[in-house]
Structure formats: C-alpha cells, structure tokens
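This briefing sets out selected features of the structure shown below.

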Amino acid sequence: QVQLVESGGGLVQPGGSLRLSCAASGSIFRINAVDWYRQAPGKQRELVAAITSGDSTNYGDSVKGRFTISADNTVNTVYLQMNNLKPEDTAVYFCHLVITTKYQAKNDYWGQGTQVTVSS
C-alpha cells in the first residue's frame with residue numbers, strides 16, 4: 001500500500017507565496033513520475049507542473065516563471081513552490097505520482113487535495 005499526504009495549502013494575499021508538499025509512504029520501490037494538478041470550481045482539472053523522465057520539468061503556461069516543482073527522493077516528498085500568487089490560482093491542488101511498489105506493481109496515486117485560496 002502507498003499513501004500520499006498533502007500539506008501546505010491555505011489563504012494567501014495576491015503576490016504571496018505558498019509551498020505545497022506531498023509525502024509518499026508505504027511500499028515504495030521507485031517514484032517514476034510526479035506532477036501537480038489543480039481544479040477550480042466549475043473548471044476541469046488542469047496540469048500545473050510535472051517532472052518527467054530525465055528530471056526535466058514542464059509547467060502550465062499560466063504558472064511558468066512563478067511555480068517550481070521539485071522532489072526529494074530521500075524522503076519521497078514532492079514540492080510545489082508557488083510565488084507571486086494570483087487570484088486565478090485559487091483551486092484545489094492535487095499531487096499525482098506514478099510509483100513502482102516493492103512488489104513491482106506500477107500504479108497511479110493521488111493526494112487528497114489541498115485548498116489554495118488567493119484573496120485580499
């Protein structure tokens with residue numbers, strides 16, 4: 001079994017910063033892929049940032065230059081540093097990991113979601 005626990009969301013003023021964390025635990029052999037999605041009310045879930053094979057990163061156009069995705073494999077934790085936040089960044093943020101377990105099963109796992117609200 002693998003569990004993901006997200007933290008770090010909250011209320012912040014425009015221009016502020018937050019750092020989201022996604023800690024994975026359980027029978028982890030290898031984390032294969034990492035990304036963050038968000039979903040605002042009435043909108044589809046959208047990809048915010050991803051770490052792809054070869055450790056390259058991709059970002060959605062709306063967050064480029066403001067958000068940074070990173071991972072610490074020593075503690076199986078993924079981060080999303082969000083700077084210069086805007087009201088339109090308000091959404092529930094989800095981490096998504098593709099993990100190979102110790103039993104060699106490769107599965108998708110989602111965090112529980114954390115609310116980010118940008119408002120003055």
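**Disulfide and sheet**

A disulfide joins Cys22 to Cys95, with an S to S distance of 2.1 Å. The model is a predicted one, and the structure holds one disulfide.

Disulfide geometry and placement

- The link of Cys22 and Cys95 is right-handed, with 60° about the S-S bond.
- Distant parts of the chain are connected by this pair, the two cysteines being 73 residues apart.
- Cys22 lies in strand β3 (residues 18–26), whereas Cys95 belongs to strand β9 (residues 91–101).

Burial of the two cysteines

- Cys22 has a relative accessible area of 0%; because buried means under 20%, Cys22 is classed as buried.
- Cys95 likewise counts as buried, at 0% relative accessibility.

The sheet that contains β3

- Four strands, in the order β1-β3-β8-β7, make up an open sheet with antiparallel pairing.
- From one strand to the next, the twist averages 15°.

Pairing of β3 with β8

- Strand β8 (residues 77–82) pairs with β3 in the antiparallel sense, over six bridges.
- Arg19 has Gln81, in β8, as its bridge partner.

Methods. Residues are numbered from 1 along each chain as its sequence is written. This is a predicted model: local features need pLDDT of at least 70, side-chain atom pairs count only at pLDDT 80 or more; totals for chains, interfaces and linings use all residues. Side-chain values use heavy atoms; hydrogens and water are left out. A disulfide is a pair of cysteine sulfur atoms within 2.5 Å. Buried means under 20% relative accessible area, exposed over 50%, partly exposed in between (1.4 Å probe, protein chains only). Two strands pair if DSSP finds at least two bridges between them. Axes are lines fitted to C-alpha atoms, for helices over the stretch in contact, and angles run from 0 to 180 degrees between N-to-C directions.
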